[in-house]
Amino acid sequence: MRVMVLGGDGYLGWPTSMRFAMEGHEVTAIDNYARRRIAADTDSDALFENPDLEKRAALFRGVSGRTINVSIGDCADWEFFSEIVNVFRPEVIIHFAEQPSAPYSMMNVEAAKFTLNNNLNTTFNVVAAMANFLPDSHLIKLGTMGEYGTPNIDIEEGWLDVEHGGRRQRFLYPRQAGSLYHTTKILDTDLLWFYVRTYNLRVTDLMQGPVYGISTPEADLDRQLYPNFHYDDIFGTVINRFAVQAIAGVPLTVYGKGGQTRGYINLLDTLQCIELAARSPASNGELRIFNQLTETFSVNELAARVQRVATNLGFRVEIKSIPNPRKELEEHYYNPKYTGLRELGLIPHLLSDEVLADFIEKIVDYKDKIRVERIVPRVKWS
Ligand code: USQ
């Protein structure tokens, strides 16, 4: 298949580009390096340096013999995007090209506007390009479990049957996010649904929980092929942060009461899910939504687990509750359904003690590069 990966330089985009190239697909990875720029501007650089996309693609070709075509440009720019789409004519578009940090989106007006404009303009360009030039291509779009928030009822996979006044109708599941970033993903989903029902597009929207991990079979070919790994308060997700904190001897930063429960997924399983979605595409006129997680944990459970595993590896690990910089429920009901991807064939890699130990051991080599001042939350919601 001709596969276009938008946001191909990112934590998920780069391993996805390698995986599809490895499987023999023709891959073009596009990125404008926005995440690198924001990381530099906010002193949130990744744990270790990653070569730029062109260098990584060359390095990958050297060790695997597979090609990833690279294009540096802004998917939110219609002139650039419509041109590249017409040159490459992708059968599958994998869309990761969004500003993914909730804290960054809440930092100030400029960061909020960038998040809103970048995320919505990119998603608009993708569906507009599909409607105009590629009506049969399949879009795989990364959404987030955060679109649903933490409702006091079970979370269905994307849709809810509502009975009202004796009549029934299926609607998008109600969404109420906890950050501007997560809200842009809700707006994306609405945009996708309008374009799907109006122009008969084929779209899979993946509601993913926080991802953890660093290792994939392709990245393990050479450490310089590792994805960008963040542990800072802006781009670091909670498990990745806790693992680094344990190594650095910084008490694990539980925000507030720590009862916040989310659905987590190993990086390896993100790749599986994207491949499974690509292999059995949505039909024309279908907005297919999957909840992309493999298990749920509260922050307290994660902290206890990281503490236990890291202690066994010889680290001294403390856990400390700190004032929550976010506005979110710290104790709540959480019961998402996530059977759709399992039915497509997903075989989960769960967060066992062995998996966690292996992960910690992989990043311990970078211990000297940890900058502890990047760990404390610097952005508050209010
Ligand atoms: N948390 C802590 N301590 C920390 C960091 C986080 O207690 O040091 C808590 C947060 O308050 C939150 C939970 O852990 O309740 C998850 O936080 P996170 O930073 O791992 O995840 P989040 O900001 O929600 O965003 C991440 C990705 C985002 C993706 C989302 C999936 O950055 O791109 O959409 O996970 S989800 O959370 O399901 O919406």
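**Reading the ligand site and a helix pair**

Biologist: How far is an oxygen atom of the ligand from an N or O atom in the side chain of R241?

Modeller: The distance is 2.9 Å, which falls under the heading of a polar contact (a pair of N or O atoms within 3.5 Å). Keep in mind that this is a predicted model, where local features need pLDDT of at least 70 and side-chain atom pairs pLDDT 80 or more, while totals for chains, interfaces and linings use all residues. Numbering starts from 1 along each chain as its sequence is written, and side-chain values use heavy atoms, without hydrogens or water.

Biologist: Which elements give two or more residues to the shell?

Modeller: Those are α7 (180-199), α8 and β10 (252-255); helices are DSSP runs of H or I, at least four residues, and strands runs of E, at least two. The shell (heavy atoms within 4 Å) has 23 residues, with T144, Y181, V238, T253 and E328 nearest. By class, ten are nonpolar, nine polar and four charged, with Gly counted as polar and Tyr as nonpolar.

Biologist: At what angle do α8 and α10 pack?

Modeller: About 35°, on a scale from 0 to 180 degrees between N-to-C directions. The axes of α8 (238-248) and α10 (299-312) are 10 Å apart. In contact (heavy atoms within 4.5 Å) are V238 and F242, among others in α8, and L302 and V306, among others in α10. The contact has ten nonpolar residues, no polar and no charged.

Note on methods: A polar contact is a pair of N or O atoms within 3.5 Å; within protein, one must be able to donate a hydrogen and the other to accept it, and residues adjacent in sequence count only if both atoms are side-chain atoms.
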